[in-house]
Amino acid sequence: MTTPDTDTYSAQDAPEFAPAQFVRWFREVAPYVHDFRGKTFVVAFGGELINDGALEPLVADLSLLSALGIRLVLVHGSRPQVNEQLRLKGYPIQFGRGVEPTGAEALECAKEAAGEIRLDIEAAFSQGLPNTPMSHAKIRVISGNFVTARPVGVIDGVDYKRAGAVRKLDIDAMRNIIGQGAIALLSPLGFSPTGEAFNLAMEDLATSAAVALRAEKLIFLTQGRTITEQDGSVDTELARKDADEILAQNTLDEDTSSFLRHASLAIKRGVARAHLVPYTLDGSILLEIFTHDGVGTMVVEDTLEDLRPAVADDVGAIVQLIEPLEADGTLVPRGRATIEREVERFTVLEHDGVIYGCVALIPYLDEGMAEMACLIVQQEWQGTGDGEMLLRHAESRARAMGARRLFVLTTRTSHWFIKRGFVQGGVSDLPKEKQAHYNRSRNSLVFIKRL
């Protein structure tokens, strides 16, 4: 797989010796390494991943994440293995997605399947052959009775028997484990104070762990289940509100619906990011974490009920936001008439009827570029990530327009843009139309970001 712009390759197809590409990639992941070191990721997958032979490549990638200082909690499912055990023993039961009634015979099969998978995972992390990704890894995997469960009980007259739900997690023990560089492993079983075992849904367990640990990311590794646009491309970023609307339409298959519902729930309960990532793509977890757009669907809180296109009635509020920055020289004076003519280029942040932020996007699509201007968040709202949100929105809009590069002109905020992936350029790098109108008396710095 290649892309014409960057000549990038999949892991399987990459040439053996491509030094310039290797160096560029290595440099580009550095900001993510710095950002995620010491953060907690909960990575969850079903038993299908093991049946499809994807465990060893995943373990190699997880060992790399661990080596980079990311704290990992691994949650596995076992549905196909349990179903196979039930079939072999002659039981007519087959588990689907979600919580289902679990009798004594099904619970025994769940225990057997969980034990086998746990041993497979431990064996995979114990590899250390020279000239393999696991060489010198020496990663400990620690499992235990971290999960206190309760019975689901009787619902609509149906006794769910030994099917359970998470009551509590031993967070202190798990934090101690991952704080020492080991990986905490959770199987889909929980235990009651009376010593009973309960069968748990992997998605529910992973979501509960991510929420309790205040994880930076909850990552579901799926059999290609992501959310797609109408043209079939992956929707790489989805607001929780939009995710809930998609779920309400009831058009997704059962697996995708379950993953997306739990991703949305995790975000609602405080997890920063939740991802649906296809394990069928080699190295997908690395691509999702260390590239700008990733390869899966990321669910976030903020696309936001507060974020909307500007309309004519917003001109006065936008002028009020801009005027102080025009007065101190941070922004070029535009005037109300200019804002009125260009209001459709603005996006505003509004909360309870108050507009407290804005950004404008000006396309120069003949040269594959777009300009981001007037990125403003009212002072009392600053420091809460709204500027980042406006930037991400502008980047998303620019990509949708067909722009390949986004540029800004600034005299006061160069460091803010540098920290967010912009690289300093020159006037000659601007679109020709913009060069013709460049105000040399201001001597604004040019910063460009590849989209």
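**Close-up views of a predicted model**

**View 1. Cys 358, a buried cysteine.** Cys 358 is buried, and its relative accessible area is 0%. The model shown here and in the views below is predicted. Cys 109 is buried too, again with a relative accessible area of 0%. How many disulfides does the model hold? The count is zero. Cys 358 takes part in no disulfide. Its nearest cysteine sulfur belongs to Cys 374, 5.9 Å away. A disulfide needs the two sulfur atoms within 2.5 Å.

**View 2. The second largest pocket and its lining.** This pocket holds about 1300 Å³ of space. Its lining counts 49 residues. Which of them lie nearest the centre of the pocket? They are Leu 331, Ala 373, Cys 374, Leu 375 and Leu 409. The lining divides into 23 nonpolar, 15 polar and 11 charged residues. Strand 18 gives the largest share, seven residues. Strand 18 spans 369-377. Other elements that each supply at least two lining residues include strand 17 (354-364), strand 19 (405-410), helix 11 (315-327) and helix 13 (386-401). Helix 14 (414-418) and helix 15 (432-436) also each supply at least two.

**View 3. Asp 61 in helix 3.** Asp 61 sits in helix 3, which runs over residues 55-67. Is Asp 61 buried or exposed? Asp 61 is buried, with a relative accessible area of 14%. Where residues up to four places away in sequence are not counted, Asp 61 touches Gly 283, Ile 285 and Leu 286. The C-alpha atoms of Asp 61 and Ser 284 are separated by 9.1 Å. Along the chain, these two residues are 223 residues apart.

**View 4. The largest nonpolar core.** In soluble globular proteins, nonpolar side chains tend to be buried together. The largest nonpolar core of this model has 42 residues. Which members touch the most other members? They are Val 42, Val 73, Val 75, Leu 186, Leu 218 and Leu 260. Helix 7 (residues 202-212) gives this core its largest share, six residues. Another core lies apart from the largest one. This other core has 34 residues, among them Phe 45, Leu 55, Ala 124 and Leu 221.

**View 5. Contacts of Leu 186.** Leu 186 is one of the core residues that touch the most other members. Neighbours within four places in sequence are left aside here. Leu 186 is in contact with Val 73, Leu 74, Val 75 and His 76, among others. Its contacts also include Phe 146 and Val 147. Met 174, Leu 205 and Ala 209 are in contact with Leu 186 as well.

Definitions and conventions
Residues numbered from 1 in each chain as written. Predicted model: local features only at pLDDT ≥ 70, side-chain atom pairs only at ≥ 80, totals over all residues. Heavy atoms only, no water. Buried < 20%, exposed > 50% of the residue type's maximum accessible area, 1.4 Å probe, protein only. Helix = DSSP H or I, 4+ residues; strand = E, 2+ residues; numbered from the N terminus. Contact = heavy atoms within 4.5 Å. 1 Å grid on protein atoms, 1.4 Å probe; cavity = no way out; pocket = protein on both sides within 12 Å on 5 of 7 lines; lining within 4 Å. Points joined across faces, edges and corners; volume = space filled by probe spheres on them. Nonpolar A, V, L, I, M, F, W, Y, C, P; charged D, E, K, R; others polar. Core = buried A, V, L, I, M, F, W, Y, C linked by side-chain atoms within 4.5 Å.
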